Amino acid sequence: MLLDHNNEVIEIEELSQNIETNTLIMPGLFNSHVHAADIGLRGIDGYGLKELVGPNGIKHRYLDTLTADQLNNSILKAYNEAKEYGTLGWSDFREGGISGLKPYPVNGSYSHIPFARPEIDKLELLPKFANIGIRDVAAHTEYEMKQLTEFSKKLDRKVFIHISEDINLRDEWRSKFGCSDLIWALDNLKADAYIHLSHADEDEIELMESHEVGGIICLRSNIFTKSGVPPLKSLIESNLTLGIGTDNAMFSELSIWEEMKALSRHDIKSNKLLKMATIDGATLCGILWGLDKGLSNLIQLNIPKYVENANLKDWLATECDQRNIEQIIMNQYQ
Ligand SMILES: [Zn+2]
């Protein structure tokens, strides 16, 4: 593989099937769903989902206390942690409406894809670089939710939404609308990807396939909040494009390696995990990723001598971590 002076791939040629140097260059990891700003609450424990991240919950009360500089520093801290772990792009849910998008210390070629929560009456102020991230189906009125997603489609922005994470909200939707929050969203909204899907059933996953939407799995977050483990077998066997997210930075370290390890305990093939953790996750955000000409989001890993070629992908998905990273290769890396 040849790189130019900007670290962009300009030529790729398969030279050998054998690992001869114990060095591997692979696409950097992509975190399909993170809330970077709440890293200052790292270590919090003993609360349920609603208390942690619900309306007026611990996270929102905390974020309201931060000055713009403090918010900036929080995001910078999360960014540095993610980068250290070989994650070279993320889809970051930003709270605080349009103004919550302002602090952003991430520069250079890092692929940061912000998802804002714009106020309905300020939609026209949404910056060009931002997409729309919705808390859940109850975040706005039914009319406003439709307005929000139609607006995003008109401007060609992505819409991601947390769905079927909270079993109570799912039940509430059933009694209110006669269907789950996921079915309601598929019928009424035009979201590009659904996050969590902890309580989705097989019929719903089939319906997602027919709507050609993506899914984002945040397994360690679901375990942390005790909100329920998603139907991983059905999701993996579906033809949905799936990404992997760490979710709130306050829950755990921003390590996609650890997410892959947790998922691998559910009998998911390493090849699939590596694809979800890199190219597929980025695809959901509409960006190109991987070993290709003109791209530059690579990590150079040191492979221990005991790892054989035939087991390389299993090793990457179940044992590798940030300690194996020798070099991060990014265009204009900062
Ligand atoms: Zn989330």
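Predicted model: local features only at pLDDT ≥ 70, side-chain atom pairs only at ≥ 80, totals over all residues.
Why is strand β6 (residues 111-116) described as largely enclosed by the rest of the structure? Strand β6 is described that way because 5 of its 6 residues are buried, where a residue is buried if 20 or more other C-beta atoms lie within 10 Å of its own, exposed if 12 or fewer, and partly exposed in between, with C-beta atoms placed from the backbone.

Residues are numbered from 1 along each chain as its sequence is written.

Let me turn to the sheet. It is an open sheet of 9 strands with parallel pairing, in the order β11-β10-β9-β8-β7-β6-β5-β4-β12, and its edge strands, each pairing on one side only, are β11 (242-244) and β12 (247-248). Here strands are DSSP runs of E with at least two residues, helices are runs of H or I with at least four, both numbered from the N terminus, and two strands pair if DSSP finds at least two bridges between them. Strand β6 pairs with β5 (residues 87-94) in the parallel sense over 6 bridges, with histidine 112 as the bridge partner of tryptophan 90. With β7 (residues 131-134), strand β6 pairs in the parallel sense over 2 bridges, and there alanine 116 stands opposite isoleucine 132.

Next, the helices. Helix α6 (residues 181-188) and helix α7 (residues 202-211) pack at an angle of about 15 degrees, with axes 10 Å apart, the axes being lines fitted to C-alpha atoms over the stretch in contact, and angles running from 0 to 180 degrees between N-to-C directions. The contact is made by Leu182, Ile183 and Leu186 of α6 together with Glu204, Leu207, Met208 and His211 of α7, where contact requires C-beta atoms, placed from the backbone, within 7 Å of each other.

Finally, two residues other than glycine have a positive phi. Leucine 197, with phi near 60 degrees, lies in the loop between β9 (193-196) and α7, and leucine 197 is buried, with 28 other C-beta atoms within 10 Å. Lysine 226, with phi near 55 degrees, lies in the loop between α8 (219-225) and α9 (232-237), and lysine 226 counts as exposed, with 9 C-beta neighbours inside 10 Å. As background, most residues other than glycine have a negative phi.

Notes. Contact = placed C-beta atoms within 7 Å.
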